[in-house]
Amino acid sequence: MGPPQAGHWSLPVRLHGAKPGAMKTIEDLDVRGRRVLVRVDFNVPLHNGQITDDGRIRASLPTLAALADRGARLIVCSHLGRPGDQRDLRYSLAPVAVRLSQLLGREVKFAADTVGPEAESAIASLLPGDTVLLENLRFNPGETAKDDAARAAFATQLARLADLYVGDGFAAMHRRHASVFEVPARLPHAAGYLVQAEVQALGRLTARAERPYVLVLGGAKVRDKLGVISNLLSTVDTVVVGGAMAFPFLAALGHPIGHSPADPDDVNTARHYLLDAAAARTEIVLPVDLVVAPEATANVPHRIVARDVPHGQLALDIGPESVKLFEASLAGARTIFWNGPMGVFEVEAFAAGTREIARAIAASDAYTVVGGGDTAAAIRGLGFTDDQFGHVSTGGGASLECLEGRVLPGLAALGRD
Ligand code: ADP
Ligand code: MG
C-alpha cells in the first residue's frame, strides 16, 4: 500500500458524513520538526506476550515512514485489548514497540506512560525523524469514559503533547474515544494512508457493490456486531453466519446451543433479524452441523453434531456440511465481505471451517474484502496471503459500520476543520 495519487480524495458522503474531499491528507501538513501525534490501531493478537500477527503494525508503516522521512517528531499512540481502565501489564504495548522498530528499521522509544512526566520527557528527547510509542491508551479511564468531561480532560492532556494529529487507526474509528474523536478537535489534523486506503476499498462495497453480494459473519464479538448489521441485512443478497455469531440465530430458531454463550437480548435481536431478512428477501444461511467439544483446547475429544448442541458441550467450529452449504452460497457472488472466523481457528482441531471458507473466498471471482483483526490474523495464520483477496481491512466493527452507512466518529472528526 503506497501513498494515494491525489492529495485530496473524495468518497460518498454517506460513508463518513463529511464533505467529499474535506479530509486533509498528511501531505497537507507541514510536519518538519513538529511533534505529530499519530493515533494508530496496534491492537494485535498476543499469545503468551508474543505478537501472533503483526498485520496491523505493518498497515500503518507507510504513514509512519512518510512522516519520519519528512522530519516529524513522531508520537505514536494506540490501545491494546480491553485492560479495564487500569494499568494491566498483560496489555502493555512494550512488545509492539520492539516489533515496530524492527519493521520501520529505526529506533522506537517506548514511554511507559501515556501522558505525564514519563511521556513528556520521552517526547522532549525526540529529534526530527525520531519515534516514541506511548503506553496503552486504555490504561487511562478517560480514553473510553462515557462521561464527556472525563474524556475531554484526557483528550486535552494528550493534545498538549503534540502540535499536529494524524488519524491512522481505522479499526478504532467507530469508537467515540478520546484519542479518536476528541483529540483531532484540538489539533490541526489529517488522515493517514491506511485510513485513505480503507475508505477507498470499503467505498467500493457501499456505493458500487456488484451483485450478488454475500456477507459472511463470524467471530466472537457478538453483541458489538449484532448491533451494527441491521441495514446490511437488507442491502446484501445473502448473509452467511458462522462462529459464535451463529448461536443467537440458532437459539432464536429453538435449537439448544449447549454451553455456548448466547445472551437473551442477542437472541431477541437475531429473531427480529430473521424476520426482517425474510421481508427483504435476504437469505440468512446458518450452519447445519457443528464441531462440539467440552472445551476449546487442543487434544480434547471433539465430534460433529447437527444443529443441536448437546448439554455441557461447546460448539467450536462449523461442520463439513455447513462448509458445503456456505460454499454454495458463495458460488456466483460478485461481491463478498467476510468478517469473523467460523470457529476457534487458533486451535487446529477447530480451524477447518475458517480454512475452508477462506479457501472458497480466495478462489472466488468476486471482489472480496476480509475485515477484522482476528479474521485477518486467521487467514495469514492458515497460510493465505493478503494478495489472494481484493482487500484485507484492518477494521472489524469499523468496517461493518462503514458498510452500514454509519458515520464513523473518527472519520467525522478528521473531516472537520
Ligand atoms: P474479528 O477480530 O475478526 O472482528 P472477533 O474479534 O469478533 O473477530 O472474533 C474472533 C474470535 O472469535 C477468535 O478468537 C475465535 O477463536 C472466536 N470464535 C470463533 N468462533 C467461535 C465459537 N464458535 N466459539 C467461541 N469463539 C469463537
Ligand atoms: Mg477481534
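Figure 1. Strand S14 (314-318) and helix H15 (373-381) each contribute at least two residues to the shell around ligand 1. The model shown in this and the following figures is predicted. H15 is the element that gives the most to this shell, with three residues. Sorted by class, the shell around ligand 1 consists of eight nonpolar, seven polar and four charged residues.

**Figure 2. The residues that come nearest to ligand 1.** There are 19 residues around ligand 1. Those that come nearest are Ala 220, Lys 225, Glu 346, Asp 374 and Thr 375.

**Figure 3. Polar contacts of ligand 1 with Lys 221, Asn 339 and Asp 374.** Three pairs of atoms are shown in this view, each with an oxygen atom of ligand 1 on one side. For Asn 339, an N or O atom in the side chain lies 3.1 Å from an oxygen atom of ligand 1. For Asp 374, the distance between a polar side-chain atom and an oxygen atom of ligand 1 is 2.9 Å. Ligand 1 taken alone exposes 580 Å², and the protein buries 85% of that area.

**Figure 4. Strand S1 and its surroundings.** Strand S1 covers residues 35-39, and four of these five residues are buried. S1 is therefore largely enclosed by the rest of the structure.

**Figure 5. Pairing of S1 with strands S4 and S7.** S1 pairs with strand S4 (residues 73-77) in the parallel sense, over five bridges. Within this pairing, Arg 39 has Cys 77 of S4 as its bridge partner. S1 is also joined to strand S7 (residues 164-167) by four bridges, and these two strands likewise run parallel. Here Val 38 has Val 166 of S7 as its bridge partner.

Figure 6. Cys 77, the bridge partner of Arg 39 in S4, has a relative accessible area of 0%. Because the limit for a buried residue is under 20% relative accessible area, Cys 77 counts as buried. Cys 402 also counts as buried, at 0% relative accessibility. The structure holds zero disulfides.

Definitions and conventions
Residues are numbered from 1 along each chain as its sequence is written. Chains are lettered from A and ligands numbered from 1 in the order in which they are written. This is a predicted model: local features need pLDDT of at least 70, side-chain atom pairs count only at pLDDT 80 or more; totals for chains, interfaces and linings use all residues. Side-chain values use heavy atoms; hydrogens and water are left out. A residue is near a molecule or strand if one of its heavy atoms lies within 4 Å of it. A polar contact is a pair of N or O atoms within 3.5 Å; within protein, one must be able to donate a hydrogen and the other to accept it, and residues adjacent in sequence count only if both atoms are side-chain atoms. Accessible areas come from the Shrake-Rupley method with a 1.4 Å probe; for residues, only the protein chains shown count as cover. Ala, Val, Leu, Ile, Met, Phe, Trp, Tyr, Cys and Pro count as nonpolar, Asp, Glu, Lys and Arg as charged, and the others, Gly among them, as polar. A disulfide is a pair of cysteine sulfur atoms within 2.5 Å. Buried means under 20% relative accessible area, exposed over 50%, partly exposed in between (1.4 Å probe, protein chains only). Two strands pair if DSSP finds at least two bridges between them.
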